[in-house]
Every structure is written in C-alpha cells, then in structure tokens.
Amino acid sequence: MTSAADEPPGTVADRLQTQALTTGYGDRTVVHELELVIPDGSFTVIIGPNGCGKSTLLRSLVRLIKPLSGSVTLDGGDIATVRTKELARQIGLLPQSSIAPEGITVVDLVTRGRHPHQGMLRRWSRHDEDAVRAALDRTQLVDLSGRVVDELSGGQRQRVWIAMALAQETPLLLLDEPTTYLDIAHQIDVLDLCTSLQREGRTLVAVLHDINQAARYATHLVAMKDGRVVASGPPADIVTAELLHDVFGVKARVIPDPETGGPMIVPHAPALA
Amino acid sequence: MRIGALSLRLEVRALIWTVGVTLVAIAIGLWSLTVGSAGLGAADVFDALSGRADASTTRIVVEWRLPRIVFALLGGAALAIGGCVFQSVTRNPLGSPDIIGFSTGAYTGALLVSLLAAGSAGNTGSALNTSLGALAGGLLTGAVVYLFAYRRGVTGMRIIVVGIGVSLFLGAFNTWVLTVMRREQALSAASWGAGSLNEIAWTHTIPLLVGLVIALPILLSLQEGMRMLEMGDDTGRALGVGAEPVRGILLLVGIALVALVTASAGPIAFVALAAPQLAMRAARTPGVRLLPSAAFGALLLVIGDLIARTVIAPAQLPVGVVTLCLGGAYLVWLLATHGRNGRP
C-alpha cells in the first residue's frame, strides 16, 4: 500500500482537521479539546468504548453538532462558515439511521444523493445520471433499482443508503457504524467497498465497534476514551495489549492476523479459563 | 432505461393526477352552482356567470353560491397543503393540524372572543372578531405545542403527542365555556365550531386566495428540502438542507393556511388529514406531495360541501359534520390497512 495515509499525519496540509474541539449536547461536554487530523486519502477508523464520543466527533466533523469551543476546519477554513450545500458537496455522511420515505424505489432514493449538486437553475444532467448509475453499480443494486426500499432486507437497505452517499460524490465520506445490524458477509462487503473507495483516492472516516475489523481495514486508527484521543496511527503501530487495556479495560493478546499479518486481538476469557 | 427518465415518469404521473383531480373538482364545483332551493338550471347559471341574467339570479349565483364554491375549492387545497406540510415534518400520517390541536385552539379563541364580547357590550360578537379570535387561538396553540415539543429541535412523534395532550385540555375547556354561555350565544358558537361554509362571502374568499398565492411559491421553493428532511434530520443535513430554518418556515406557512380557512369557516376536520395520504396512494409518489394533495383537498371539500347542502335539503348540514363522518371512516380504514401489510 502506498498512499498518503502512510505518511505521518499533519505533515502535508490535510483537508479535514479539528482544533481544540470541545463539543457535546446542552451542558454535557462529550469531546474535550480534541486535536485530530484526518490524513487525506486514508481510511480512518475511530474506535473506543460506548459513550466515548466517537459518534459525537463524527457528527461534528460534518457540522451536525456545533462546537462549544474550538473548531473543525476544511482546507484551513472553519466549516461553520461554509454554505450548507457547498459542505454537502465536500463531505458526505452515512448516519446511524435514516428513514426511507414510504413507497420510494431504490433508484429514486439514490437519486436524492444528487441534491447538493442541484439548484433552482441547475437541473438533472448527464453527469447526475452517471453518478447515480455508478453508485448503483458499486453497491450491486442495479438489479434491485426498481424495487421499493421498504421491501428489501436489512443488508440491501444499508447498501441503498451507502449508494445514496456515493451518488453525492464527495471527496470525504463519513460513516457512522456502517456495519451495525449486518451479518458477517454484509459487513465484509461494506468494509471491502470502503477499502476500494479509499484506494481510488477518497478519504473515509468510519466509526466501528469491532476492533479486529478496525485493525484490519483501517489505514489510520484513532482510539478514543472519555472524549479524548488516546492513540492514533497505523494499526500495526498502535494496537497493543496495553492500549486495549487503557481504552476498553480488557485484557487481550495481540497476535499476527493469519490473513493479513496485521495485529489481531484475542480477548482474555476469565470465566472460561 | 435512463434514470432521469424514470424520475420523469414519476413526476408526469403526479402531474397528471394533480391536473385531472383539479379539473374534476372544478367541474363538480360548477355543477353544484345549479344545486339549491332557487331551482336554477345550467343555463341560468351560465347566463349569470357571463353577466346576462337578471339581478336576482345574478345575486344568487355570483354573490351567494360562487364565493362559497370557490372557497370550498381553495379552502380544501389550503387545508390539504397544511396537512401535507405537517405530515412531512412529523413523518407521520396522523400529523395533521386537526390532530395536533390547532383546530381545537382556534375554537377556543373564537369562544373566548364571543364570551368577552357578551360580557362587555351584550352583543354576540361580530364575525370579524370571531375570525380574529380563532386565528389567535390557533396560532397560539401551534406555538405552545411547538415550544413544549422543542428539545434541541423537534421530532414528529413529540409534536403529535404534545398536540394531542394540548387539544384534549383545550377540548375540556371549550366544553366548559359552552356551558357557562347564554343559550343563544352557545348555539351560535357551537354552529361555528362545527365548521360550515353557509356564511361564506367574497370577503372570506379573497383573503384566502391572496394567502394561497403568497404561500404556494414559498412552499414549492422549499419542497425539495422538505423531501430530504423526510429521511431524517441527519440525512437531510448531510445532503445540504438547513433543517431548522426550513422546517420553521414550512410549519409557519402551513399553519397560516389552515388558520385562514378556520378563521372564516370554523374547524373543518379530515381534509388536512386525508388528502395528502389519498394523493400519495393514487399518484404513487414516495412520500406526500404538495400539489397532488392540494388537488385532492379541493375535491374532498367541494364534495363535502355538496353533500352538506343536499343530504337534508332544504336544510343544510355544517360541512364539518360531513367531513368528520368521512374522517372517521378514513381513520378506521387507515388503521386496518396499516397493520395488515406493514405499510400505512
């Protein structure tokens, strides 16, 4: 693998960064003075225990939550000042949950991903057409494109939402727990898709729960605890038994992944020993 | 097949339904100009409309019946548009202004105005005062529901639950007010509260027309954003829609349209609730749509008014009673089909 992700973060002016970002809900601060750089062209995965601020961080990166202090910057400028539609042309998001309008077909839903590119005067174009077709193709939805979304299986539905985010054609794509509720085969499909998108030059940021999947697929791993970054870097450099104990409070062995050679976690099982 | 062509087909289908239903509604409206105790035929009505009839026929058709029919068409459209906005924002087929307390609040406003007027001058309160009271009551109730439901933004279910609670409370209050009023006042208030087009004149219809002409362009310009937000706030925002401002404007304009109708005719149930859903099913659009809803609303109210005028002729029913009966049947149907195939 030779990508920008292998360089130490921050050496080139990476597009998406946070400066002393503090954010939360109401009076409750969830993320504290966080300094984060998303390396351009990386598949960055954020891990950490429940309630550590992973999703909150992801949501603030695309301005769904406003900072209490500090800022999120895109190309050096505060995203608070970017127009909503312009931001939606740069950063896409796959939220944890979305609602499919009643009776909508797959192709109609995916087409909605083109919304940030359309305006009062700019209507449907050849390029919109290609973007939607490519998104359907990438997610193996071409044969299902005329089906009603409510009637699809959970795995198919998740692919539809991913296709919508792909049709948005943003250089940066954030995914909030994209594999939740999917069976193992569909999880692998989604992660493989992420990797191939990253290799084509997009920057991806995902929140994942499965540390082994994170260690396998991430080019850049960010471990969070209590709203702070504990460690970040390539998985091979930072995934250690010590880190797992610090972040998740679990005892685990880290052994070489027989499939990839990267780090693999085998948790200690005191009750069974 | 090209993707753009697929979307276009959907839009064409919605357009055909909109135009078709509008034409049917207008045709029924024209025909119902001939219905009434004066025994006028189509020829008389045509003469009156083209200015060739005698003075009394002209008065009956142009001054009495026409404003009422036009009001039924426009008012039905306005109620349906309001309902469409509310159902989209709450993402719930029950999210209509009548369910969430707006109509009950308008009734409370009208009742209080006539109670106060009776206390001060001994008269029964003018129609204008009743309208203003209803407007204030409805808007205030809407604001109260929004504020109670607001917690870092509003969600559909919270608006509906809070609205039902507030409208139960106001309903109890209305009943109490009716019992303490003088009898003739209570009768006049109750007949307003049933929702009727009997007293409608051009002075009611023109403001409604103006309101629609202002409201429609605003709503249509926000329609795309409204559709994006139906998929959830996060999804809508990620697609570049400013959720809170768009929703705020939508609700304000939607409530204003319903208020305009309610102020003149009293609360008319069911149209706002049913028209968007009927339009969605007929035109098979994903989610509720403004213009098809408006067409179905116009059709429903013009038919409702025709039934109200004919079923116990020469006496007239309040149209609100007719729509309420239809609404009951509709709700039962909605609930029955909702459970059966997993989709409402």
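Entry 1, pairing. The strands concerned are β9 (residues 220–225) of chain A and β10(A), which run antiparallel and are joined by 5 bridges. A reminder to myself that this is a predicted model.

Entry 2, the six-stranded sheet. In what order do the 6 strands of the open sheet lie? I read β6-β7-β8-β3-β9-β10 in chain A, and the pairing is mixed. I noted β6 and β10 (228–233) of chain A at the edges; each has a single partner strand, so one side of each has no neighbour in the sheet. From one strand to the next the twist averages 15°.

I looked up what covers the strands. Helix α1 (residues 54–61) of chain A lies across β3 (43–47), β7 (172–176), β8 (203–207) and β9 of chain A. Its direction is about 145° to β8(A). Helix α5(A) lies across β6 and β7 of chain A, and runs at about 175° to β6(A).

I stayed with α5 (residues 154–167) of chain A and asked how it packs with α4 (residues 126–138) of chain A. The angle is about 145°, and the axes are 8 Å apart. The crossing of α4(A) past α5(A) is right-handed. Which residues make the contact? From α4(A) I listed A:A131, A:V132, A:A135, A:L136 and A:R138, and from α5(A) A:A163, A:L166 and A:A167. By type, the residues of this contact are 7 nonpolar, no polar and 1 charged.

A second open sheet in chain A has 4 strands in the order β2-β1-β4-β5, with antiparallel pairing. Here β2 (28–38) and β5 of chain A are at the edges; each has a single partner strand, so one side of each is left without a neighbour in the sheet. Next I traced the partners. Strand β1 (residues 16–25) of chain A is joined to β4 (residues 69–74) of chain A by 5 bridges. Within that pair, A:Q17 stands opposite A:T73, and A:Q19 has A:S71 as its bridge partner. On to β5 (residues 77–78) of chain A: 2 bridges join β4(A) to this strand, and the two run antiparallel. One facing pair is A:L74 with A:G77.

Entry 6, two hairpins. Which residue in the turn between β4(A) and β5(A) has a positive phi? I found A:D75, at about 55°, in a hairpin with 2 residues between the strands. The other hairpin I checked joins β11(A) and β12(A), with 6 residues between the strands; there A:G261 takes a positive phi near 85°. The strands themselves, β11 (residues 252–256) and β12 (residues 263–267) of chain A, run antiparallel and share 5 bridges. In β12(A), A:V266 is the bridge partner of A:R253.

How many residues of chain A touch chain B? The count is 28 residues of chain A in contact with 25 residues of chain B. On the chain A side, α2 (84–90), β6 (91–94), α3 (106–111) and α4 each supply at least two residues. The largest share, 4 residues, comes from α2(A). This side divides into 14 nonpolar, 7 polar and 7 charged residues.

Helix α11 (residues 271–283) of chain B has 13 residues and reaches 17 Å from first C-alpha to last, close to the expected 18 Å. Is α11(B) mostly covered or mostly open? Mostly covered, as 10 of its 13 residues are buried; among them are B:L273, B:P276 and B:M280. I then picked B:A282, also in α11 of chain B. It counts as partly exposed, because it has 16 C-beta neighbours inside 10 Å. After the helix comes B:R284, with a positive phi near 50°.

How values were computed:
Residues numbered from 1 in each chain as written. Chains lettered and ligands numbered in written order. Predicted model: local features only at pLDDT ≥ 70, side-chain atom pairs only at ≥ 80, totals over all residues. Axes fitted to C-alpha atoms, helices over the stretch in contact; angles between N-to-C directions. Left-handed = near helix turned anticlockwise from the far one by under 90°. Contact = placed C-beta atoms within 7 Å. Nonpolar A, V, L, I, M, F, W, Y, C, P; charged D, E, K, R; others polar. Pairing = 2+ DSSP bridges. Expected span 1.5 Å × (residues − 1). Buried ≥ 20, exposed ≤ 12 C-beta atoms within 10 Å, placed from the backbone.
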